[in-house]
Amino acid sequence: MNRRTLSLSVSAVLLSAGLLTQTSGHSQPAPRRIEVHAKRFSYQPNEITVKKGEPVLLVLTAEDVSHGLRFRELNVDIKAKKDQPGQAQFTPERTGDFVGHCSTFCGSGHGSMTLTLHVVE
Amino acid sequence: MANQAASVLLLLAAGLAGCRATPPGKLESGVASFAKHHVLIGGKDQKNPLQANAQTLADGKEAFSHYCVVCHGNDGQNTGVPFADHISPPIPSLASPDVQRYTDGQLKWILDNGIRPSGMPGSKGILSDDELWSIVVYLRHLPPAGSAGTPDIYNH
């Protein structure tokens, strides 16, 4: 193996390693998509369990009037109009139970709309 | 028979006269204020779980705008509310010392349960706990009277 071939081989190995590192450094698991439907002062489902560190894509569909879903502690706020779903992607970084509330005033039962997000290990 | 009918009419007239929304006297106001602050309004020791900051203040202003403004005005001081002085008891300015003397817990209790028979409704279930506490933050940082305009509903 002459010097030129050796040099090319080393470069190829380094390039491959670099590409591999770059690829693994940027790859993230696809977020888990969770659909939530809001209608007449309730969410369906009204309880969700996710894993800490797992990216989540929460999609909110308002079936009657405009609704929202806000988790103050997680800094997540989704707004949805009728026929215009809203969504938010986030990764819960700590375990616990987090209660989300409707963040768009929707009528007499607005304050009772809750969805509990359980974040587990 | 005629006497009985006259008595009934007299009673009805007296009853209706007693229903007029006249301003309460000093004694009535004083007794009511004492009773509310020291006996009737609960939640005295409850603490606001929300810290006062720009975000919670904005949240409180937003929650207040859902329907509190209809009676209290955008600024909580009745600005632009045409009937504020015409109901009995009159709608108080929420910036007044009498209101501001309530603890945060008492303000939340009032928001939850209302004050019977003043006309102040309870909002438990209509607004979330989170929103109600943010309104308490807003009540502690009301804008200057008249600076927030008139509620939209009275602009038509």
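This note comments on the fold, packing and side-chain pairs of a two-chain predicted model.

1. Basis of the comments. The model is predicted, so that local features need pLDDT of at least 70 and side-chain atom pairs count only at pLDDT 80 or more, whereas totals for chains, interfaces and linings use all residues. Residues are numbered from 1 along each chain as its sequence is written, chains are lettered from A and ligands numbered from 1 in the order in which they are written, and side-chain values use heavy atoms, with hydrogens and water left out.

2. Chain A overall. Chain A has one helix and nine strands; helices (H or I, at least four residues) and strands (E, at least two) are DSSP runs, numbered from the N terminus. Read from the N terminus, the order of elements is α-β-β-β-β-β-β-β-β-β. Of its 121 residues, 36% count as buried, where buried means under 20% relative accessible area, exposed over 50%, and partly exposed in between, with a 1.4 Å probe and protein chains only. Among the contacts in chain A with a separation of 6 or more, 62% come from residues 24 or more positions apart; a contact means heavy atoms within 4.5 Å.

3. The sheet of chain A. Four strands form an open sheet in the order β2-β1-β4-β7 (chain A), and the pairing is mixed. Two strands pair if DSSP finds at least two bridges between them. At the edges stand β2 (42-44) and β7 (86-90) of chain A, each of which pairs on one side only. From one strand to the next the twist averages 25°, with axes taken as lines fitted to C-alpha atoms (for helices over the stretch in contact) and angles running from 0 to 180 degrees between N-to-C directions. Strand β1 (residues 32-39) of chain A pairs with β2(A) in the antiparallel sense over three bridges. Ala38(A) has Tyr43(A) in β2(A) as its bridge partner.

4. Helix α7 of chain B. The 12 residues of α7(B) should span 16 Å at 1.5 Å a residue, and the end C-alpha atoms are 17 Å apart, which agrees; the expected span is 1.5 Å times one less than the number of residues. The helix is mostly covered, with 10 of its 12 residues buried. The buried residues include Trp133(B), Ile135(B), Val136(B) and Tyr138(B). Packing of the buried residues of α7(B) is against β8 of chain A together with α3, α5 and α6 (104-113) of chain B.

5. Salt bridges between the chains. Over all chains, 13 salt bridges are found, a salt bridge being a side-chain nitrogen of Lys or Arg within 4 Å of a carboxyl oxygen of Asp or Glu. In one of them, the closest N and O atoms of Arg70(A) and Asp59(B) are 3.0 Å apart. Because Arg70(A) lies in strand β5 (residues 67-71) of chain A and Asp59(B) in helix α3 of chain B, this pair joins two chains. Arg70(A) counts as buried at 19% relative accessibility, and Asp59(B) is buried at 12%. Arg72(A) and Asp130(B) also meet in a salt bridge (3.0 Å, N to O). Here Arg72(A) lies in the loop between β5 and β6 (76-80) of chain A and Asp130(B) in helix α7 of chain B, so this pair too joins two chains. Arg72(A) is partly exposed, with a relative accessible area of 25%.

6. Arg140(B) forms a salt bridge with Asp104(B), with the closest N and O atoms 2.8 Å apart. It links distant parts of the chain, as Arg140(B) is in helix α7 of chain B and Asp104(B) in helix α6 of chain B, 36 residues apart. Arg140(B) counts as partly exposed at 26% relative accessibility, and Asp104(B) counts as partly exposed at 26%. Through shared partners, salt bridges join Arg70(A), Arg72(A), Asp59(B) and Asp130(B) into one network.

7. Aromatic pairs. The structure holds three aromatic pairs over all chains; rings of Phe, Tyr and Trp (its six-membered ring) pair if their centres lie within 6.5 Å, and planes under 30 degrees apart count as stacked, over 60 as edge-to-face and the rest as tilted. The rings of Phe105(A) and Tyr67(B) have centres 5.7 Å apart and planes at 50°, so this pair is tilted. It crosses between chains, from the loop between β8 (96-101) and β9 (114-120) of chain A to helix α3 (residues 54-67) of chain B. Phe105(A) counts as partly exposed at 28% relative accessibility, as does Tyr67(B) at 23%. The rings of Phe83(B) and Tyr154(B), with centres 6.4 Å apart and planes at 75°, are edge-to-face.
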